[in-house]
Amino acid sequence: MKLEQVRRESDSLRILALSNFFNPHFINNSLHWVQSRYRKDPETATIIGRLSDNVHILYENTQKARPWHSLYRELEVVRNYLRIQQVRFGRTLNAEFSITLSDEELKSVKVPAMLLQIHTENAVEKGIRNRKGAGNFFLGIKCTDDGCSIVIEDDGRGRRDTDSPRKGSTFVMNELIELFNNYNEVPVTVEYDDFIFGEYGTRVRIFIPKHFNYELSKTENTRR
């Protein structure tokens, strides 16, 4: 039992360290562009307001030493990020959502913080931005008795075999999910469909189990 407790405490610290990676990652990426438009763009106030909302959400998680939050909160982060990017790209970026859950239902579902955001950012920065004529983003959520299925699609460049390994936010999130999955019977899964529109486009399929334990101090549902 002592070794088990030590392992759990060690993994808990690792999870917090991994989740803290996303705070400066997202803020720095956004601020870099905001600063370049300072004094020039009349919509700067809107951008800063959306960014401030996301900073508040991330700070709240850090203060509570909590690397997860509600799906409702995660969608707030995503929508704020996309609003910033729509000011950046103008009408060329179209964001569409298909969500059948009420706000209260979204608040009852827990997800790793930044899980949807990093794939949204990849869709914009590594997909849409890198293909002429691209500009469509889609996020859909459907939930059943087993859990929630989330789809994120873009009509951007698509992932290429020649692309360098993504050892940034995606790599860190995968490691974070793997640690959480070690303590649950049913895992969180993230899968990709490449070139969904023929020669371009990417779809990310995420599954969040209905009953998923983010508290490593709890001993039920351990897979190891």
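Which residue in β7 stands opposite Ile150?

Modeller: The residue opposite Ile150 is Ile206 in β7. Please note that this is a predicted model, in which local features need pLDDT of at least 70 and side-chain atom pairs count only at pLDDT 80 or more, while totals for chains, interfaces and linings use all residues. Residues are numbered from 1 along each chain as its sequence is written, and side-chain values use heavy atoms, with hydrogens and water left out.

Helices (H or I, at least four residues) and strands (E, at least two) are DSSP runs, numbered from the N terminus. β5 and β7 run antiparallel to each other and pair over 8 bridges, where pairing requires that DSSP find at least two bridges between the strands. β4 and β5 make a hairpin, with 3 residues between the two strands.

A disulfide, that is, a pair of cysteine sulfur atoms within 2.5 Å, joins Cys143 to Cys148, with the sulfur atoms 1.9 Å apart. The whole structure contains 1 disulfide. The link of Cys143 and Cys148 is right-handed, with 100° about the S-S bond. Burial is judged by relative accessible area: under 20% is buried, over 50% is exposed, and values in between are partly exposed (1.4 Å probe, protein chains only). Cys143 counts as partly exposed because its relative accessibility is 29%, whereas Cys148 counts as buried because its value is 4%. β5 as a whole is mostly covered, with 6 of its 8 residues buried.

Contact means heavy atoms within 4.5 Å. Not counting residues up to four places away in sequence, Ile208 touches Ile150 and Cys148, and also Lys110, Val111, Leu115, Asp146, Gly147, Val188 and Tyr214.

Thr202 is another residue of β7. Thr202 counts as buried because its relative accessible area is 8%. Apart from neighbours within four places in sequence, its contacts include Ile152, Glu153 and Asp154, as well as Tyr192 and Ile196. The C-alpha atoms of Thr202 and Ile128 lie 9.9 Å apart, although 74 residues separate the two along the chain.

Two loop residues complete the picture. Phe195 lies in the loop between β6 (189–194) and β7, and its phi is near 50°, a positive value in a residue other than glycine. Phe195 is partly exposed, at 29% relative accessible area. Met114, in the loop between β3 (110–112) and α6, likewise is not a glycine and has a positive phi, of about 80°. Met114 is buried, with a relative accessible area of 1%.
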